[in-house]
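Please look over the sequence and the structure below before reading on.

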Amino acid sequence: MPRKFLVVDPEKDMHVIKGLAAPARISVLKLLRRKGALNVKEIGEILGLPQSTVSLSVQLLEDAGLIRTESQRARKGNQKVCTSIYDEIVILFGDAAEERRNDGIEVAMPVGLYTACDVSAPCGLCTDEGIIGLLDVPDSFLDPARMKAGLIWFTRGSVEYQFPNNARLDNRAVAEIEFSMELSSEMPGTNPDWPSDITVTVNGVDIGQWTSPGDFGDRRGVFTPDWWKLKGSQYGMLKRFRVTDAGSFVDGVRMSDVCLADLRLDQRHSIRLCLSVRDDARHPGGINIFGKGFGNYDQDIVLRLTTR
């Protein structure tokens, strides 16, 4: 699923601007964007804000259409779980139709449509309806039903995806390439303090390594189906891996000096993305890759090419 943008017209969308007009509400939005779905109590504890302030902020943000909330059962009564809706909010002055450029190409890849895999147990795949093949049997990753997978996991090894290089087909030069996906570590059961070094490779070039902090199972993922056991991995973190002329970044933080020229996009009909947990990693803590129907974001692996 592509990133969700909200373009605000300051003359027509004053309710949105008012929703943003307080430091506490901005802090709540940033937290939800970074951490995923949280309840009111968790937001207050992380931000150090009174519950009354958080409750009011959540109500105003919901009224402005900037977050969505869902009532879920808790140990005592119900709890309100909050989720950010938009990745970016742009206040646009002038004629949007005239000023907006169509400079982006996006391709969404289901998590099960990898073109190569080499994984070790514990491992598995499932759709939003059930398990594919047999758990902890690497050969199940070859099952044709994998194309319907919404969650895959493994302890060591790699999966590789092959995207079409649509910029080359359109004779457009690439200014930036970005991959967006929901990831976490993987262990039997779950543990929020279970780091895992996940290496990201594009066209055979390692652009960097991101260390997932843990395997999250403290609450059900927003989109994780009810049949999936609560003691299993529930959601991950939405990560954006970006390569520009200046280097490679994860969520804006520099990963390496690998730049666009190193990927040779102008010479390739496809763009290969490999996600791996290597045997020599300092923290070989496995990987969960969440797709549509699982986790907190209900999206495939998304490639975005920004063109010049």
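Asp136 is found in the loop between strand S7 and strand S8 (151-164), where helices (H or I, at least four residues) and strands (E, at least two) are DSSP runs numbered from the N terminus. This is a predicted model, in which local features need pLDDT of at least 70 and side-chain atom pairs count only at pLDDT 80 or more, while totals for chains, interfaces and linings use all residues. Residues are numbered from 1 along each chain as its sequence is written, and side-chain values use heavy atoms, with hydrogens and water left out.

Phi of Asp136 is near 65°, a positive value in a residue other than glycine. Is this residue buried or exposed, or does it fall in between? Asp136 is partly exposed, with a relative accessible area of 41%; buried means under 20% relative accessible area, exposed over 50%, and partly exposed in between, with a 1.4 Å probe and protein chains only. Leaving aside its neighbours within four places in sequence, Asp136 is in contact with Ala121, Pro122 and Cys123, contact meaning heavy atoms within 4.5 Å. Pro122 itself lies in strand S7, which covers residues 116-126.

A positive phi is also found at Arg264, a residue other than glycine, where the angle is near 50°. Arg264 sits in the loop between helix H7 (260-263) and strand S15 (270-277), and Arg264 is partly exposed, with a relative accessible area of 48%. Val253, by contrast, has its place in strand S14 (residues 253-256) and counts as exposed, with a relative accessible area of 52%.

The table gives two pairs of residues with their separations.

| Pair | Apart in sequence | Apart in space, C-alpha to C-alpha |
|---|---|---|
| Val253 and Val90 | 163 residues | 22 Å |
| Asp136 and Lys12 | 124 residues | 54 Å |

Strands of a sheet pair through backbone hydrogen bonds, either parallel or antiparallel. In this model, an open sheet of 3 strands has the order S2-S4-S3, with antiparallel pairing. Its edge strands are S2 (38-39) and S3 (67-73), each of which pairs on one side only. S2 and S4 (residues 78-84) pair in the antiparallel sense over 2 bridges, and two strands are said to pair if DSSP finds at least two bridges between them. Within this pairing, Asn39 stands opposite Val81 in S4.

Turning to the whole protein chain, its secondary structure comes to 7 helices and 17 strands. With 308 residues, a compact globule would have a radius of gyration near 19 Å, and the 20 Å of the protein chain agrees with this; the radius is taken over C-alpha atoms, and the globule rule is 2.2 Å times the number of residues to the power 0.38. The C-alpha atoms fill a box of roughly 50 × 50 × 35 Å, taken along the principal axes. Of the 308 residues, 50% count as buried. Among contacts between residues at least 6 apart in sequence, 70% join residues at least 24 apart.
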